[in-house]
Amino acid sequence: MGITTAAEHALLLTDPGPPQPTAPGPGQLSARERELVTLVAQGRTNAQIAAELHISVRTVSSHLDRIRDKTGCHAAPT
């Protein structure tokens, strides 16, 4: 095997290929979304979160929907 062929073979073996989509996770959440997750984890209701952050309850719900989409965490049907 010549040096050129060996180099091409080495490049093929070390090529990582196309980037793989990353799994959703907390690293992809905005600062505001992380703040909401913390408040929810502390047991606050949407209304309490809205009052504390000076936003509407609807905005809280929108943030929580985006958090669920990004993390893949959805409530199981009851």
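Reply: Start with one term: a contact means heavy atoms within 4.5 Å. By that rule, Arg 32, Glu 35, Leu 36, Leu 39 and Val 40 in H2 meet Ile 49, Glu 52 and Leu 53 in H3. This is a predicted model, where local features need pLDDT of at least 70, side-chain atom pairs count only at pLDDT 80 or more, and totals for chains, interfaces and linings use all residues. Residues are numbered from 1 along each chain as its sequence is written, and side-chain values use heavy atoms, with hydrogens and water left out.

Me: What makes a stretch a helix, and how many helices does the protein have?

Reply: Helices are DSSP runs of H or I with at least four residues, strands are runs of E with at least two, and both are numbered from the N terminus. The protein has four helices and zero strands. Along the sequence, the pattern reads α-α-α-α.

Me: Why is H2 called oblique to H3?

Reply: Helix H2 (residues 31-41) packs against H3 at about 130 degrees, with the axes 10 Å apart. Axes are lines fitted to C-alpha atoms, for helices over the stretch in contact, and angles run from 0 to 180 degrees between N-to-C directions. Under 35 degrees counts as roughly parallel, over 145 as roughly antiparallel, 65 to 115 as roughly perpendicular, and the rest as oblique. An angle of about 130 degrees falls in the rest, so H2 is oblique to H3.

Me: Which classes of residue make up the contact of H2 with H3?

Reply: Five are nonpolar, none polar and three charged. Ala, Val, Leu, Ile, Met, Phe, Trp, Tyr, Cys and Pro count as nonpolar, Asp, Glu, Lys and Arg as charged, and the others, Gly among them, as polar.

Me: Why is H3 called roughly perpendicular to H4?

Reply: The axes of H3 (residues 46-53) and H4 (residues 57-71) cross at roughly 110 degrees and come within 8 Å. That angle lies in the 65 to 115 range, so H3 is roughly perpendicular to H4. Asn 46, Ala 47, Ile 49 and Ala 50 of H3 make the contact with Val 57, Val 60, Ser 61 and Leu 64 of H4. These residues divide into six nonpolar, two polar and no charged.

Me: How do you know whether His 63 is buried or exposed?

Reply: Buried means under 20% relative accessible area, exposed over 50%, and partly exposed in between (1.4 Å probe, protein chains only). His 63 has 13%, so His 63 is buried. This residue lies in helix H4. Among the residues that His 63 touches are Glu 33 and Ile 55.

Me: What makes the pairing of His 63 with Arg 66 a polar contact?

Reply: Their side chains come to 3.2 Å. A polar contact is a pair of N or O atoms within 3.5 Å; within protein, one must be able to donate a hydrogen and the other to accept it, and residues adjacent in sequence count only if both atoms are side-chain atoms.

Me: Why do Glu 33 and Arg 34 get their accessibility labels?

Reply: Glu 33, in helix H2, has 3% relative accessibility, so Glu 33 counts as buried. Arg 34, also in H2, has 41%, so Arg 34 counts as partly exposed.

Me: What is the phi of His 54, and why is His 54 called exposed?

Reply: His 54 has a positive phi of about 60 degrees although it is not a glycine. Most residues other than glycine have a negative phi. His 54 sits in the loop between H3 and H4. Its relative accessible area is 72%, so His 54 is exposed.

Technical notes: Lists of a residue's contacts leave out its neighbours within four places in sequence.
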